[in-house]
Amino acid sequence: MAAIEVDGLTRVYGSVRAVDGVSFAVGTGEIFALLGPNGAGKTTTVEILEGYRTRDAGTVSVLGHDPATGGPAYRARIGVVLQSAGFEEEFTVRELVRLQTRLYPHGHDPDELIALVGLGDKRSTRVKGLSGGQRRRLDLALGLAGAPELLFLDEPTTGFDPAARRHAWELIADLRRLGTTILLTTHYLEEAQRLAERVAVMRAGRLLAAGSPEDLRAGSKLPTMITFARTPEFGAAGMPSLSAPLEVLGATAQVSSRDPVADTWRLTGWAHEHRVDLPDLAVSPPTLEDVYLALTEEEGPDDRPG
């Protein structure tokens, strides 16, 4: 069963088609990442799904509601974590979270929620005393206040240090295990690859590709990089025949391989036969970031605003 169904979604501003016939679905309990450069149409798409912006064409169903007409019954079932939000600076963390949970018929326990996002030792701290990363955790707590079935996360780990980012990833994964559906927008491609079961890539209002990170990588036909550090004896013996030329970049040698299993076998066999070391040998398949860059660069420069 789909939590979100979008078909032919279109939103036009003057001569700009901010969202241009976009279609996708998000399954119940799934983490789905919407990716794209600035101006791709991600924010407009998400705001339409949240019910904060109208559409010009297409159909949208979120938890069985049309967001444009869902009203309070719909909003009570979703949570929203914006990229940036304003707070009343004089409230303490607990006061603000307690106030937010009281707005919902089935709100979270404030203290449990504060502990869940890692602010337990800051519950009595006023908002003005929080760091940027702590404020972002407070954003997340407020988005979860109503125990939502569906959570919209817009750049959830912006401003986090690496340790805090990984803690947030663990929290998001825990929410998914509890059955929460999550639609995530992020510029951290590692974050999308780590968390999302499926991703969609947008540019200039259009959907370029959608699928699991593994499917997108497999369908990209991008090469696997085989790299190793050069040694003094490297090149003294003839090199084996590989599927692509060996390139030397300073102290590193690399092959953009289209047949990584065979090339790795030939290369290591040659090294063993000629007693040549291959320090720091690494076989690196294309990442989601590689696929994303290939997709968006193929489309050419984006001359749209924003």
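This is a predicted model: local features need pLDDT of at least 70, side-chain atom pairs count only at pLDDT 80 or more; totals for chains, interfaces and linings use all residues.
The model contains an open sheet of six strands. Read across the sheet, the order is β5-β6-β7-β3-β8-β9, and the pairing is mixed. The edge positions belong to β5 (78-81) and β9 (206-211). Each of these has a single partner strand, so one side of each lacks a neighbour in the sheet. From one strand to the next, the twist averages 15°.

One pairing can be followed in detail. Strand β6 covers residues 150-154 and strand β7 covers residues 181-185. The two pair in the parallel sense, over five bridges. Within this part of the sheet, F152 has L183 in β7 as its bridge partner.

## Helices on the sheet

Helix α6, made of residues 162-177, packs on the sheet and touches β3, β6 and β7. The direction of α6 makes about 145° with that of β7.

Helix α1 (residues 42-50) lies across β3 (31-35), β5, β6, β7 and β8 (198-203). Relative to β3, helix α1 runs at about 140°.

## A histidine in a loop

H106 sits in the loop that lies between α3 (93-101) and α4 (110-116). Is H106 buried or exposed? Its relative accessibility is 65%. Exposed means over 50%, so H106 counts as exposed.

Leaving aside residues up to four places away in sequence, H106 touches G146 and A147. H106 and R206 are 100 residues apart along the chain, and their C-alpha atoms are separated by 37 Å.

Definitions and conventions. Residues are numbered from 1 along each chain as its sequence is written. Side-chain values use heavy atoms; hydrogens and water are left out. Two strands pair if DSSP finds at least two bridges between them. Helices (H or I, at least four residues) and strands (E, at least two) are DSSP runs, numbered from the N terminus. Axes are lines fitted to C-alpha atoms, for helices over the stretch in contact, and angles run from 0 to 180 degrees between N-to-C directions. Contact means heavy atoms within 4.5 Å. Buried means under 20% relative accessible area, exposed over 50%, partly exposed in between (1.4 Å probe, protein chains only).
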